[in-house]
Amino acid sequence: KPLAPCAAGPRVPGPAPTSAARLLWLSCAVPMAAPPQRVGGLRRRQEKSGATCSGSGARGGKKTAAVAPKGVKCVHLKQQQKCRTQGLSAAVAATPMQRQRASEVKKTLYFGCRQQPKTLVVLLHGMNDSAKACADWAAPRWAAGLPGALLAVPQAPDRWCRSIGGEGDTKYAWFNTDGLYPWEAQRLFGQDSREFEASLRQYHGAIRDRCRQVESWLAKLLAKHRLTYSEVILAGVSQGSLLAAIIGARNGARGVALGGGVAFAGFLRLSELMPEQPMKTKFFAVNAAMDPTIERVPLEAMLKRCNCKWHWSKGLGNDLPEEWSKIKLAWMQSLLGKAAK
């Protein structure tokens with residue numbers, strides 16, 4: 001059944017549509033519940049309800065059981081231990097909060113021109129996705145349509161802690177954290193709480209860390225092929241759109257193509273992560289008009305300093321249609337002109 005909408009923040013949907021990977025932005029949010037008492041009384045309510053949760057730590061991999069309010073799932077092993085001993089409020093109130101140390105990009109798939117490419121196109125996958133799955137969506141078409149370009153599809157180094165894939169179908173996410181995610185903190189404590197602010201600062205820190213690491217990986221790739229950011233197009237899908245937007249804007253990339261993102265630009269206050277000065281980088285944003293994860297007004301405000309062209313697909317919701325890969329390709333060919341050949 002659909003979960004109850006929160007008074008402040010996005011609605012939580014019911015059954016996931018076909019593109020379950022993109023809907024993880026919403027589906028990982030916990031059901032609406034009465035806010036737990038700050039510390040005292042939490043144990044009594046837990047014992048009364050008998051609610052428990054279990055899961056695997058992002059690094060340790062050991063299963064553990066921790067007590068939490070009914071309907072609430074802890075995110076990581078450390079978080080579970082804090083929930084058990086200190087209560088949920090103490091688990092997210094630290095300033096600054098500890099966050100998972102992100103790893104470097106280690107796996108990348110390559111397509112197209114590998115000898116003296118004129119352009120580098122980087123495709124960044126979304127949450128609960130993988131480089132292979134994302135490449136299957138666009139790489140063959142883009143490599144054929146951009147014969148002078150090298151297409152690189154890096155994979156996020158961290159596994160998504162709530163992957164909905166089955167055995168042997170590991171999925172990944174660009175921004176994992178040690179504590180509660182902002183959408184979890186909002187539902188537990190409210191959007192005006194110190195816990196929400198702490199979780200948002202933690203999430204922004206994880207985004208900045210990942211941007212620096214992807215920039216480091218990209219610098220090595222550019223040096224190898226003797227290219228500069230003026231010959232780079234960053235394309236993002238869902239969560240990858242945020243990486244593409246930030247990195248492309250602050251490094252002056254030739255172009256940035258966004259698809260199905262940037263999700264929850266207002267709720268997550270993502271404008272704070274963009275450069276303040278006007279940007280020369282050309283943007284192309286492709287989104288579904290009925291996608292509940294896309295907050296149109298905040299997203300347009302986030303990209304207001306960009307030279308952005310917009311495409312809104314009417315009648316579509318949470319989905320990533322194949323047609324979008326064709327639309328993005330046509331825009332990149334137009335942007336590159338003769339350099340695309």
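User: How far apart in helix α7 are Arg212 and Asp209?

Analyst: First, what counts as a helix: a DSSP run of H or I with at least four residues, while strands are runs of E with at least two, both numbered from the N terminus. Arg212 and Asp209 sit 3 residues apart in helix α7, so about one helical turn separates them. Keep in mind that this is a predicted model, where local features need pLDDT of at least 70, side-chain atom pairs count only at pLDDT 80 or more, and totals for chains, interfaces and linings use all residues. Residues are numbered from 1 along each chain as its sequence is written, and side-chain values use heavy atoms, leaving out hydrogens and water.

User: What do Arg212 and Asp209 form?

Analyst: A salt bridge is a side-chain nitrogen of Lys or Arg within 4 Å of a carboxyl oxygen of Asp or Glu. Arg212 and Asp209 make one, with their closest N and O atoms 2.4 Å apart.

User: How many salt bridges does that rule give?

Analyst: The count comes to 9. Among them, Arg210 pairs with Asp158, at 2.7 Å between the closest N and O atoms. Arg210 lies in helix α7 (residues 194-225) and Asp158 in the loop between β5 (149-155) and α6 (182-189), so this pair ties together parts 52 residues apart in sequence.

User: Are Arg210 and Asp158 buried or exposed?

Analyst: Buried means under 20% relative accessible area, exposed over 50%, and partly exposed in between (1.4 Å probe, protein chains only). Both Arg210 and Asp158 are buried, whereas Arg212 is partly exposed at 46%.
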